Amino acid sequence: MASPQSKAFPKGFTWGTATAAHQVEGNNWNNDWWDWEHTPGSPCVEPSGDTCDHFNRYPQDIAMLKSWGFDTYRFSVEWSRIEPEDGEFSQAAIDHYRKVVRCCRDNGITPVVTLHHFTTPRWVAALGGWGNDATADLFARFSDKVARGLGDEVGMWCTINEPNMVSTIGYLLGEFPPGKKDRALRLKANEVFCAAHRKARDAVKSVSKAPLGITLAMQEYTIIGDNDDELAQAAAHRDRAWAGLEDPFLEVAKGDDFFGVQTYTREIMDKDGRTKPTSDMRLTIMGYEFRPSALEACIRRAWEQTNHVPLIVTENGVAATDDRERIEFVHDALDGVLNCIADGIDVRGYTYWTLMDNFEWTRGYAPIFGLCAVDRSTQVRTPKPSAHWLGRVAQANALLGIND
Ligand code: BGC
């Protein structure tokens, strides 16, 4: 067992970086996001277009992350490519992802495959998307095809990426597709996602022996107030936030092989609910607080609430134009991971979001989370110092200083 002093991670701890199909592949025109990017009045600042052309350039990208020192690559398969219409499966698309998995293996990289990362085929969206119970079965049918198609070379499965973000931002806040602002529909979407996870889990596990889990967007919550009454009201706001955002998914994960913790920042709650960032706060270019220690708080909560399901940090990172801030953020976040491990929490890996600067959903290409810059006019990749720093950490399997 590592102690915080030794800065060593346990043997077998995995070091990865992640992408999602729609954010890097390019031209995923047959899903709800492409539609949303082209819907007048949607909050999207620009369309995804060719993005990083990772669909064609994956061999170079996988070789690159290997050369930095990583051992794991988490990516998603695009449902709308594999099943462009209801029940019509594309063998060519399945073969493509099989090649991506093989390419990982050829490079000594463990492929972690996410079955759903925010995007839903247009035809599923037209049937009611995640507000429709039938979507859980459609997703399970798709998952079964993928599990059979990609075979036993997949190292790990994530069923659904951050379902709580899709349900909350898409069905309650109206900023992601389908742009709904409907409390009841958001809760319905949570239920459909949970059912989809269970059904996809059964489908995949009947075909593949690889470990499987779901991933969740989690935040640290800090409560503030001047007196007991205010503190109690703030705590009630926090509990309500958990109830809609996190609790159903922490519950459905019980008994899974692992649970994917994904954390970027914290929320401060006062008696009126979420507070806005104050002028003395250090912010990232996403407009939220620079708060690497949020990861430790979320790992601890996930461990308790799932009744000790093994954890993997499937996403953590920061959008920063100054790459030194990225190294500082990851360093401090990893320090928190070590604290958790020292306390006996079973954390098995860390995955940096993201491999390269890419399409940040409604925010377009400005928020840069990548370990590598991409010139989208030439598709030239330029690794940042943080890529090499984190690669050295991975190779040492120990936390290095920010100048090491
Ligand atoms: C999502 C990613 C996104 C990242 C940074 C996560 O919520 O899974 O797709 O790019 O956060 O905002």
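Tutor: We shall take up the pockets, then the helix pairs, then the backbone.

Tutor: The model is predicted: local features need pLDDT of at least 70, side-chain atom pairs count only at pLDDT 80 or more, and totals for chains, interfaces and linings use all residues. Residues are numbered from 1 along each chain as its sequence is written, and side-chain values use heavy atoms, with hydrogens and water left out.

Student: What is the volume of the largest pocket?

Tutor: A pocket is defined on a 1 Å grid over the protein atoms alone, as an open set of points where a 1.4 Å probe fits, with protein on both sides within 12 Å along at least five of seven lines; lining residues have an atom within 4 Å of a point. Grid points are joined across faces, edges and corners, and a volume is the space filled by probe spheres set on the points. Here the largest pocket has a volume of about 1400 Å³. It is lined by 47 residues, and Met165, Ile169, Gln219, Glu267 and Tyr288 are the closest to its centre.

Student: Which elements give two or more residues to that lining?

Tutor: Elements are DSSP runs numbered from the N terminus: helices (H or I, at least four residues) and strands (E, at least two). Those in question are α8 (163-171), β5 (212-223), α10 (228-245), β6 (258-270) and β7 (273-274). The largest share, seven residues, comes from β6. By class, the lining has 21 nonpolar, 12 polar and 14 charged residues; Ala, Val, Leu, Ile, Met, Phe, Trp, Tyr, Cys and Pro count as nonpolar, Asp, Glu, Lys and Arg as charged, and the others, Gly among them, as polar.

Student: Which residues lie nearest the centre of the second largest pocket?

Tutor: They are Asp32, Ala125, Tyr171, Pro177 and Pro178, out of 18 lining residues. The space in this pocket is about 250 Å³. Of its lining, α2 gives the most, with three residues, and the classes are eight nonpolar, six polar and four charged.

Student: How is a pair of packed helices described?

Tutor: One gives the angle between their axes and the distance between the axes. Axes are lines fitted to C-alpha atoms, for helices over the stretch in contact, and angles run from 0 to 180 degrees between N-to-C directions. The axes of α3 (residues 54-68) and α5 (residues 91-106) come within 10 Å and cross at roughly 5°. These two helices are therefore roughly parallel to each other, the term for angles under 35 degrees. In contact (heavy atoms within 4.5 Å) are Phe55, Tyr58, Pro59 and Ile62 of α3 with His96, Lys99, Val100, Cys103 and Cys104 of α5. Those residues divide into seven nonpolar, one polar and one charged.

Student: At what angle do α12 and α13 cross?

Tutor: The axes of α12 (residues 294-305) and α13 (residues 323-342) cross at roughly 30° and come within 7 Å. That makes α12 roughly parallel to α13. Leu295, Glu296, Ile299 and Arg300 of α12 make the contact with Ala333, Gly336, Val337, Asn339 and Cys340 of α13.

Student: Which peptide bonds are cis, and which residue has a positive phi?

Tutor: Most residues other than glycine have a negative phi, and most peptide bonds are trans. In this model a cis bond joins Pro177 and Pro178, with omega about 10°; Pro178 lies in the loop between α8 and α9 (183-205). Another cis bond joins Trp353 and Thr354, with omega about 20°. Asn27, although not a glycine, has a positive phi of about 55°, and its place is in the loop between α1 (21-24) and α2.

Key. Parallel < 35°, antiparallel > 145°, perpendicular 65-115°, else oblique.
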